[in-house]
Amino acid sequence: MTGRLLTLHVRSRGASMFVVGVGVITLLAWAAGTWLASRPYFDGPAARVPVVALAPLLAALLLGPTLAGADEDLEHSTPLPWRAWRAGHLLVAAFVTAMALSLAGLRESHTFGAHALVRNALGCIGLVVGGAVLLGARLAWLPAFVYVCAVYAAAPRQPGTVVAAWAWPIQPSTTATSWLTAATIFAVGAAGYVHGGARASAGRRYRPRR
Amino acid sequence: MRRALRVELRRGTAPLAAAAMFGAGVWMLAVHPDDWAGRWAGLANYLRVSMLILCALMIAAGAWQSGRERRRDIDELIASTPRPGWQPLVVAWLAVTVAGAAGLLVAFAGAGVLVARVATYTGGGWWWTMTVGVLALAAAAAVGVLVGRLVPLRVAAPIAGLATYLGLAIVTYWDGTTAAWLSPVYGGWAVYSLVPDRVTALQAAWLVGLTILLLAAAARQWRAALLTGGLAVAVIVPITTGPGTHRLPADPAAVTLVCTSSGPQVCLSRINAFLLDDVTKVAQPILTRLDGIPGAPRRAADQAARPASQSIERDDSTVWLNLDYQSTALGGLASRKNLRADFRQVTRARCEDPFGTRSIDQRVYRTDTLATDWMLNEAATPDDMPLTRLRALSEPAQRSWFAAYLDAAHRCDTSALIHLGEQQ
């Protein structure tokens with residue numbers, strides 16, 4: 001019975017498209033990272049900052065639509081342990097994303113490579129999941145997209161604890177503060193999502209007539 | 001049609017697109033004022049450099065606008081109306097394009113006011129560079145409209161925007177490939193570089209053809225798509241078979257020298273002439289200090305006007321100043337320190353091997369630093385005894401020491417340079 005439910009859940013959430021998308025992003029990230037690192041006018045593996053910032057963001061954006069079903073209110077009314085299902089869904093998705101993306105940065109993994117990709121995957125997934133809790137799955141991509149793009153475009157290049165805390169997506173993986181922030185965002189987003197799930201779409205919510 | 005456009009401009013994605021483009025434009029201008037300040041050609045070039053971000057935003061806005069009917073579940077309702085399907089699509093695209101371009105142009109108009117106050121050169125075809133940039137925004141919005149029509153995903157807009165950014169970045173940073181002319185993004189070359197008129201005209205034709213092709217494909221007007229596709233391909237061929245983005249010639253009118261009329265001569269190219277007073281205040285005291293010393297330069301000139309055949313290192317009579325990134329937003333000199341550092345070419349020991357590699361004894365470096373500090377009249381720190389001792393000499397003795405240094409440095413006479421350093 002659980003196996004059938006699992007198949008239905010995976011199908012209804014569009015998991016296959018998510019997995020294919022993450023695979024494509026991993027391949028593109030690997031190709032772009034290799035190309036950037038091999039350009040003589042850039043500074044080797046350290047030139048992979050755009051890949052490290054944007055590939056996890058793209059993967060996390062694809063996760064957004066999988067965080068809710070066609071009708072959240074209807075799903076909540078079914079006698080299933082939804083918290084466990086949501087926790088499993090999120091942890092498996094985060095694990096698959098982080099592992100796949102880390103493959104793209106195995107060469108010199110400590111210099112804007114696999115380690116930073118895993119950290120950013122956690123942080124971006126945390127933002128998307130938090131977005132789903134606050135705005136619903138349809139707009140879950142918005143906070144992560146705006147935040148990472150703004151940080152990527154405007155963060156100062158000078159190191160510092162405060163900068164490392166808020167500009168975590170473009171920090172080297174050796175900066176402990178950036179890991180702390182990304183892990184905190186993931187933990188808070190995951191806790192909110194596991195507890196209450198994605199916010200139901202306002203247009204589809206049942207409103208009794210007065 | 002006009003009423004529909006008005007409604008789209010007020011209620012569609014257009015207001016958001018305008019706000020986003022205005023914000024992005026202001027931010028881009030604020031990040032690197034040294035790229036555009038004081039120069040019309042610089043402002044137009046910078047608009048094209050900014051296309052890397054701006055096109056991505058326009059594509060995202062177009063995709064979001066185009067996916068609206070599906071998001072609201074009214075696509076079938078609209079399809080059932082007797083109005084031709086291409087009309088609402090074109091109106092939606094036009095609204096996003098007009099709003100996005102207006103938002104951006106307002107931001108750049110603000111920068112234009114700052115440029116107009118000080119600019120000393122108005123030529124160089126910058127107006128056409130900017131016009132092609134606006135056409136690129138229209139093409140980007142059309143790409144977005146097509147993506148929004150084809151991809152039934154809510155995340156289509158942000159993903160299309162990010163993918164555009166990455167794709168344009170790869171084309172832009174590819175080593176001088178001719179295909180880079182197909183991208184609206186400029187590679188950040190010098191403001192006095194002249195993009196051939198032929199290339200600008202072909203880019204305009206390519207972007208117009210691409211826009212119509214994408215809109216026709218989105219509206220499923222296959223005949224129009226085929227026709228404009230043919231036009232686009234016809235334009236691609238001369239662009240991609242022409243010269244690449246490397247070694248663009250300098251605009252001869254922009255690099256015409258404008259010189260000071262009193263004191264040691266300081267000459268700047270016409271496009272940078274708004275900096276002449278500020279540069280003169282820095283350069284003339286140094287040139288005055290060097291006046292009459294054998295082997296020392298007699299004038300300072302803008303590196304933009306340096307003939308390609310003339311080496312910076314081998315020209316004894318002129319100090320070449322790099323002013324490419326030396327302007328503040330209000331048109332002043334950005335860094336006196338960097339300008340003074342350009343004078344280091346005077347004291348640099350010419351000790352390169354045929355491959356241009358410098359391998360110099362540390363003691364020669366110390367003498368080099370001593371000579372540079374004397375030339376720039378740097379304040380001596382308490383522990384800088386050599387400079388203090390050099391300054392303690394009579395003025396003629398100091399000047400003859402510096403002349404001996406220049407002679408040895410130009411010949412790369414290492415032993416003489418070490419000896420001069422140890423004298424102090």
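**Figure 1. Exposed and buried residues of helix H17 of chain B in the predicted model.** On one side of helix H17 (residues 414–423) of chain B, B:Ser415 and B:Glu422 are exposed. The structure shown is a predicted model. B:Leu417, B:Leu420 and B:Gly421 of this helix are buried. These three residues cover an arc of only 100 degrees around the axis, which puts them on the same side of H17(B), and the exposed B:Ser415 and B:Glu422 lie on the other side. The packing partners of the buried residues of H17(B) are helix H14 (362–375) and helix H16 (395–411) of chain B.

**Figure 2. The hairpin of strands S1 and S2 of chain B.** Strand S1 (residues 257–259) of chain B runs antiparallel to S2(B), and 3 bridges join the two strands. Opposite B:Leu257 stands B:Ser269 of S2(B). The hairpin that S1(B) and S2(B) form has 5 residues between the strands. In the turn, B:Gly263 adopts a positive phi of about 75 degrees.

**Figure 3. Strand S2 of chain B and its parallel partner S3.** Strand S2 (residues 265–269) of chain B has 4 of its 5 residues buried, so it is largely enclosed by the rest of the structure. S2(B) pairs in the parallel sense with strand S3 (residues 299–302) of chain B over 3 bridges. Within this pairing, B:Ala301 in S3(B) is the bridge partner of B:Cys267. Together with helix H11 (residues 276–290) of chain B, S2(B) and S3(B) make a left-handed β-α-β unit.

**Figure 4. The side of chain B that touches chain A.** Contacts between the two chains involve 9 residues of chain B and 13 residues of chain A. Helix H8 (residues 156–173) of chain B supplies the largest share of the chain B side, 5 residues. By residue class, the chain B side comprises 8 nonpolar residues, no polar residues and 1 charged residue.

Figure 5. Chain B contains 17 helices and 4 strands. With a radius of gyration of 28 Å, well over the 22 Å that the globule rule gives for 424 residues, chain B is more spread out than a compact globule. The C-alpha trace of chain B spans about 95 × 40 × 40 Å along its principal axes. Buried residues make up 43% of the 424 residues of chain B. Among the contacts in chain B between residues at least 6 apart in sequence, 74% join residues at least 24 apart.

Key
Residues are numbered from 1 along each chain as its sequence is written. Chains are lettered from A and ligands numbered from 1 in the order in which they are written. This is a predicted model: local features need pLDDT of at least 70, side-chain atom pairs count only at pLDDT 80 or more; totals for chains, interfaces and linings use all residues. Two residues are in contact if their C-beta atoms, placed from the backbone, lie within 7 Å. Ala, Val, Leu, Ile, Met, Phe, Trp, Tyr, Cys and Pro count as nonpolar, Asp, Glu, Lys and Arg as charged, and the others, Gly among them, as polar. A residue is buried if 20 or more other C-beta atoms lie within 10 Å of its own, exposed if 12 or fewer, and partly exposed in between; C-beta atoms are placed from the backbone. Two strands pair if DSSP finds at least two bridges between them. A crossover is right-handed if, with the strands pointing away from the viewer, the path from the first strand over the helix to the second runs clockwise. The radius of gyration is taken over C-alpha atoms; the globule rule is 2.2 Å times the number of residues to the power 0.38. The arc is that of the directions from the helix axis to the C-beta atoms.
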